[in-house]
Amino acid sequence: MSEALLLSVIQKLDINYREHETNEEMRRVIKEVREILDIVRDKKLEEGRTLNFLVSDLVDVADYALHLSKKRNTVYMYYESIHSWIGEIKKQMLKLGDDGAEMRSLENVDDDVDVVGLGEDVEMLLRTKIIGGKGYNSWIVLIKGMSGIGKTALARKIYNHPTIIQHFEPRAWVSNSAHFTIKELLIKLIQQVEDPQNLHSSSLLENMDNESLRDMLYQHLKGTRYFVVLDDVPKQMHLKSFLQILPEGWNGSRLLLTSHMMHVDIYVRDENVHQMKPLDAEKSWQLFLKTINHGNRLTGEHKFPKSLEHMGKQMLRKCDGLPLAIKEVGKQLAEKKVSEGIEWEQLLQSVDFGSMLKLLEPFYLQLDPKLESCFLCMAFFKESTTLRKEKLKQIWVAGGVVDSAYKCKSYLDGLINESVIDVKEKSTEYRMNALLHMLSIQKAEEKLGFEILRNNGNNRPSESPCQHRVIICSREKFNYSTDQDKHLVSLIFHGGGYFDTSLSYWKSFELLKILDLEDFGLKIIPETIVTFMELRYLGLRNNYMKELPQSLGCLKKLEVLDIAQNFMVEVPDIIWKIYKLRHLYMSDVICQKPLKIDDLQHLETLTYISVDNWTYGLSRLRLLFRLKKLGIEGLDGNSDVSKMMTSLADLKKLKHLILRGYRFRSMPCLDELRILQSVRTLKLDGLLARLPTNLPPNIRYLTLVNSYLDEDPMPLLAKLKTLEYLKLRNAYVGLEMVILDNEFPGLEVLCIEELWNLRNVQCGKDAMYWLKKLEIQDCPYLDTLPKAIGLMNHLKELKMVTTKSIATKMRNSDLISDISIVNINS
């Protein structure tokens, strides 16, 4: 029967393809279905439950492909979803035994993760997304996060909450398994939502096709206020046809999903995504104690002693707040204590984190294959460090992981989407869970020719030529070998800056493309760097260097030079020789001669250059036609602003501009900023006598820092109709800020920080209508929020750092009751 169905599908697809010969995607679908037919024949699979389910899904997906082929301008990603699900069906076919039954099952690692301190998450989700959410577009809610972070635990608490039980009828819960199909999903839902007095037998349901099952499910849910949970949704599953038959959620019905990523077939509004966060130190400790004492296996003198709490918390830091890892540590220690009676101090020092990496293995295997190389490269960075977006992209391009900077955005978005990295407070900074980082190191050692060397002597000799090396240094003398240096592509230093080497060491790197010594405490770069003829990336940020060597000018292939945060480093007149340079980062440098930057015609980023140096070669600066981001420092009353602005107006690709003055000297009048038509992001850092009356007309992101303005800046800033992001830090010294009716129509994020005198913010009707995020930090006299806050339907996040008394008052305010994410700290 399965073979006959597959032949029928191929016949329908063939007929369609002949009618639409230009549809290459359909030809690919036909090829994939034929491959599955060959698998069924070659393996001589007998009819079985799982085989029948997979074939039913394949018929379903083929019908949807036929439907798409008849539409014009079909979105490409819909076909990608089809190919992905057909590929998954093919994988599952290959895993079937001869009897058509699945050979093994895979446990959802979230299933056994009980998490402490979820009460606030539950109440917030109920209040703002599940019970309180309004409209059809709010009917799908997603709980998102990496494996083991407690998505299932949170969904269970919500599903079994008395409010949910009282508010919804029917309810249904379906969890993913190793071999999960649309047909299985439909059957499980029908069995949970149909009338107990009229239950259909499993065999009857299994003999029905997917279309009939969908019709039956629709009839059961029609007219009800249902609550359905799909736990651990597979990213390959083709859910389009399933979602289309669910009755619309106008009556308050909800579909709750848990997944480590956003699904291509499912549109979820940003405000309906709940991003799971790691546990803080206190909650991590509570979960650890709860786990280790579970079932009273440890009694009396065997219980974990209070005296070792500090040592235990230090050990738990390696779990980085991941509930799955914390529970694994607790179980591991309890079992060893019971079976072997080892002293607690010794147990804490001998925790095996390798077992936790095995638990995360399924998460790694589910990654989009194109993201694997980027995931492996995360091993280059320090554990739990802040990762800058630009540095990540530049390392990927320099190392050949991504073949162009243009493609980096999709890879970054992919890592965020699949919960590999989290976005920090700044949208340009990311962080990776410490255990995932350990997993990236393990996989990089297996697949990437990667090694870590330490100067404590605990190094394993590499069995094959190493291409990527991290050297971790302390204050001890480092014994190094240059036997394999000629194969290195990447060399990254972490630690305290003590790396005692001879000049001969630095002559060995013939193929080196990446040399990163950021935060290393380096004082001298040897002249022998001239031998690094293949070098693309040189990271020297935040060191103690006093000067750069002349030989740096010989690095003809260098594309990124980062010498920022080296106070008063002397830069010789050699930068212009590195003609392939794309990104140059520096600040507070000393130049005996003005840098001839106009020769750097590939330059895209330049931060920072002094205003005098910038205006020195004014006539040739238009040659920097690729420049997108520019930072100019040292502006004061003597700066020739007209010349500077005229030169900037010639840079048609300039999108991001930073102007920085001195701390106690006023910046010049900047009214001429209005001529910068292309600028989208502007940061003014320094004392301003007054705000420019005309800012760039197309500006979207504006930051004012240390401006000390006497007059309320809001009336002038409100004229910027395209403004989406506004940050004011130590920018205004007045007592009151006024935003009138309908002002800031497109503003989505407002951050006010260190406005030490501010006491009142007035906000008119429909002002900041689209505001989504409000941050208020260190405004110690601002003890009330505008009443308009309670009417801002799009405001979903409030972050506040203030005094203890004001924090208590704000938490009890009715104005914030409908805001999804509220974080008020003192």
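Tutor: In this predicted model, helix α16 covers residues 354-365, which is 12 residues. From its first C-alpha to its last, α16 reaches 17 Å, close to the 16 Å expected at 1.5 Å a residue. The buried residues in α16 are Ser-355, Met-356, Leu-357, Leu-360, Pro-362, Phe-363 and Tyr-364. The cover over these buried residues of α16 includes α14 (323-340), α17 (372-377) and α20 (434-447).

Another part of the chain shows a helix pair. Two packed helices are described by the angle between their axes and the distance between the axes. For helix α12 (residues 281-292) and helix α13 (residues 309-316), the axes come within 10 Å and cross at roughly 105 degrees. That angle falls in the range of 65 to 115 degrees, so α12 is roughly perpendicular to α13. On the α12 side, the contact is formed by Glu-282, Ser-284, Trp-285 and Phe-288. These meet Glu-309, Gly-312, Lys-313, Met-315 and Leu-316 in α13. By type, the residues of this contact are four nonpolar, two polar and three charged.

As for the cysteines, a search of the whole structure gives zero disulfides. A disulfide would need two cysteine sulfur atoms within 2.5 Å. The sulfur of Cys-763 has its closest cysteine sulfur in Cys-779, 15 Å away, and is therefore too far for a bond. Cys-763 counts as buried because its relative accessibility is 16%, under the 20% limit. Cys-319 also counts as buried, with 0% relative accessibility.

Conventions: Residues numbered from 1 in each chain as written. Predicted model: local features only at pLDDT ≥ 70, side-chain atom pairs only at ≥ 80, totals over all residues. Heavy atoms only, no water. Buried < 20%, exposed > 50% of the residue type's maximum accessible area, 1.4 Å probe, protein only. Axes fitted to C-alpha atoms, helices over the stretch in contact; angles between N-to-C directions. Helix = DSSP H or I, 4+ residues; strand = E, 2+ residues; numbered from the N terminus. Parallel < 35°, antiparallel > 145°, perpendicular 65-115°, else oblique. Contact = heavy atoms within 4.5 Å. Nonpolar A, V, L, I, M, F, W, Y, C, P; charged D, E, K, R; others polar. Expected span 1.5 Å × (residues − 1).
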